[in-house]
Amino acid sequence: AAAPRMGMRTLVVAVLLVVFSTAVASMGRHTIDRTRAQTAADAAALAALDGGVAAASYLAARHGAVLTAWEVSGFEVTVTVRLGDDSATARATDTP
């Protein structure tokens, strides 16, 4: 009677470990994608200062993202990019 119970505990522990590992991996991927999206947005915003929307779009694509919004207000550029399920916004200005 003890052997089947021990086998069932082992199975339950193994299933819990798989579920926990999958959850941790998913959170890690989301964190990485969010960071990559922010990096792409930062690069696109800086590129847009000199090269406009074409440069912003190009830099976003080089980082694996898609430029979804671009706005110029005076000397400030604001861009939004999407990378996977994550999006990020960045602003850049060339004023001191």
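The paragraphs below lead through the helix, the sheet and a surface patch of this predicted model.

In this predicted model, local features need pLDDT of at least 70 and side-chain atom pairs count only at pLDDT 80 or more, while totals for chains, interfaces and linings use all residues. Residues are numbered from 1 along each chain as its sequence is written, and side-chain values use heavy atoms, with hydrogens and water left out.

Helix α1 covers residues 2-62 and includes Leu-11; helices (H or I, at least four residues) and strands (E, at least two) are DSSP runs, numbered from the N terminus. Leu-11 also belongs to a nonpolar surface patch with Met-8, Val-12, Val-15, Leu-16 and Val-19, which together have about 560 Å² of accessible area, a value from the Shrake-Rupley method with a 1.4 Å probe in which, for residues, only the protein chains shown count as cover. Patch members have over 30% relative accessible area and no salt bridge, and nonpolar side chains (Val, Leu, Ile, Met, Phe, Trp, Tyr) are joined within 5 Å, like charges within 9 Å; a salt bridge is a side-chain nitrogen of Lys or Arg within 4 Å of a carboxyl oxygen of Asp or Glu.

The strands form an open antiparallel sheet of three, in the order β1-β2-β3, where pairing requires that DSSP finds at least two bridges between two strands. The edges are β1 (66-73) and β3 (86-93), each of which pairs on one side only, and neighbouring strands are turned by 15° against each other on average, direction ignored, with axes as lines fitted to C-alpha atoms (for helices over the stretch in contact) and angles from 0 to 180 degrees between N-to-C directions.

Strand β2 (residues 76-83) pairs with β1 over seven bridges, among them Trp-70 with Val-79 and Ser-73 with Glu-76, and the hairpin of β1 and β2 has two residues between the strands, with Gly-74 at a positive phi near 65°. On its other pairing, β2 meets β3 over eight bridges, including Thr-78 with Arg-91, and in this hairpin, also with two residues between the strands, Gly-84 takes a positive phi near 65°.

Because six of its eight residues are buried, β2 is largely enclosed by the rest of the structure, buried meaning under 20% relative accessible area, exposed over 50% and partly exposed in between (1.4 Å probe, protein chains only).
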